[in-house]
Amino acid sequence: MLPSADQQEILRRRTFAIISHPDAGKTTLTEKLLLYGGAIHVAGAVKSNKIRKTATSDWMEIEKQRGISVATSVMGFDYRRVAGDSHAQQDNTIYHINILDTPGHQDFAEDTFRTLTAVDSAIVVIDSAKGVETQTRRLMEVCRMRKTPVMVFMNKMDREGKDPFDLMDEAEKELGIHCTPVTWANGQGLKFESVFALNNRPKDLSAKLQEDLEIIDEVYPAFDREAYLRGDLAPVFFGSAYKTVGVQELLDFLVANAPSPLPVTAEERNVEPMEDKFTAFCFKIHANMDPNHRSCIAFFKICSGKFLRNTYYYHVRKDQQMRFAAPTCFMAQKKETVDEAFAGDVVGLPDTGNFKIGDTLTAGEKLHFKGLPSFSPEMFKYIDNADPMKQKQLDKGVNQLMDEGVAQLFVSQLNGRKIIGTVGQLQFEVIQYRLEHEYQAKCKWQPLQMYKACWIESNDAAELDTFKKRKAQYMATDKEGRDVFMADSAYVLSMAQQDYKHITFHFTSEF
Ligand code: G4P
């Protein structure tokens, strides 16, 4: 176990992601949280790294600002609950908050899914005029799968919009989780104010509010922290990030109730944050921030113990000791070199191509953390070289971008051609742009009719062998050399599933 001062460091950490549909107000809310933490002093300081339209030109604009988006990848700040907040008992803890940024654009949903593996809780932001949108529902599915505790912030209540009771119903139904209000919306539009529904109720309630609160008491369960921590109950806040209403209540409630760093499951065993031995996994790689230098940052979430600068750690996949002279942490928008970091923190390690997503660093133990999801691609294209003089550059670029987790690469066993699988069209544009600008390579895309990539597995070696021979024209290998069945239609897939009962078809590479 760690010495108690280090345990205190871990206990005061709150690492979470804010997830939402683009435009729901994630950037505005993040900024207000940073203002409360004293991490920034003026609104408008956080540049959003979101991509509003599916156009390359927008993305290129974003590319120019990558420095900014790296800095906003993790925003750390210290926060102490407001004295005299009668909702909470006196609490002098100085909490350390790490907000992990997630890309808003749905074509980068995979990045968001991966970021969710590195957080201990999440805030779901909903635009109260629009309600729960598809993308939010999908992200919430990942939270449910991982049992991530979530809080819901019903934003933009300063606008005329849906009734709070309808919003509660919709959240329960669409997010698939029990909800209970912590603050409530009194009025709408300009009349709107956020009031505590749980306790600390104002004395002179309006008749309408009195009535609302009676219904709330009757219909919704009291907040139960255990149920929240299990991922069964979401506390709901009504507010306006823009008008800074309900934000402090959310933050105070979060530091008091959201979990400090949680245990993480490795294939070998469960890893507890308080163990004295350091362990961490890589959930994100940000490559080539400066095209003149091949500078990458690999983001590691620390699962246990304490990370020290200039100390040798064990890179499990490479079976190699490595140390880091310039690890960075992120305070608000600034990137700073740090000497130490604790379980719950994210450290950025300068990388020259040593790391892949999912890599583990430890103090010597062979550990493999589970659950970094790799989602089944939905769009496929052949990638061809458009400049024969630059084949090497193209291969290198494609390999590095795949290590970064931008998309997935398959090689057809039939004709040896490379196939790129993505979750959206924008990713193809981004790959092409980055190959050109970072690797001086040119690519062409060739359409490919494909339904699903399935990783196949079976205890019946003979059946597997027959399958691979019969379906040779549909077989490919992924980057790890595993067999993948590329079904070109739902029909082909369902026939294969029917005919080969002893083969399991997995739709993600993580199984
Ligand atoms: P995102 O990161 O989730 O994509 O959303 P973002 O914070 O950028 O907010 C999207 C738009 O919604 C912004 O307006 C923002 O000002 C507005 N907004 C956020 N919170 C609230 C709120 O509580 N009430 C109201 N009325 N509006 C809110 P924009 O016009 O796109 O940008 P801007 O010109 O305001 O920067």
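## Cysteines

The structure holds zero disulfides, a disulfide being a pair of cysteine sulfur atoms within 2.5 Å. Cys 143, at 1% relative accessibility, counts as buried, and Cys 329 counts as buried at 12%, where buried means under 20% relative accessible area with a 1.4 Å probe and protein chains only.

## Basis of the description

This is a predicted model, in which local features need pLDDT of at least 70 and side-chain atom pairs count only at pLDDT 80 or more, while totals for chains, interfaces and linings use all residues. Residues are numbered from 1 along each chain as its sequence is written, and side-chain values use heavy atoms, with hydrogens and water left out.

Strand 27 (residues 475-478) runs antiparallel to strand 23 (residues 408-412), joined to it by three bridges, and Ala 476 in strand 27 is the bridge partner of Ser 412. Strands are DSSP runs of E with at least two residues, helices are runs of H or I with at least four, and both are numbered from the N terminus; two strands pair if DSSP finds at least two bridges between them.

Strand 27 is also joined by three bridges to strand 28, again antiparallel, with Thr 477 opposite Asp 483 of strand 28. Four residues lie between strand 27 and strand 28 in this hairpin, and Gly 481 in the turn has a positive phi of about 85°.

## Helix 14

In helix 14 (residues 490-499), the residues Val 492, Leu 493 and Ala 496 are buried. They lie on the same side of helix 14 because they cover an arc of only 100° around the axis, the arc being that of the directions from the helix axis to the C-beta atoms.

The cover over the buried residues of helix 14 includes strand 28 (483-487), strand 26 (452-458), strand 29 (503-506) and helix 13 (461-470), with contact meaning heavy atoms within 4.5 Å.

Definitions and conventions
Buried means under 20% relative accessible area, exposed over 50%, partly exposed in between (1.4 Å probe, protein chains only).
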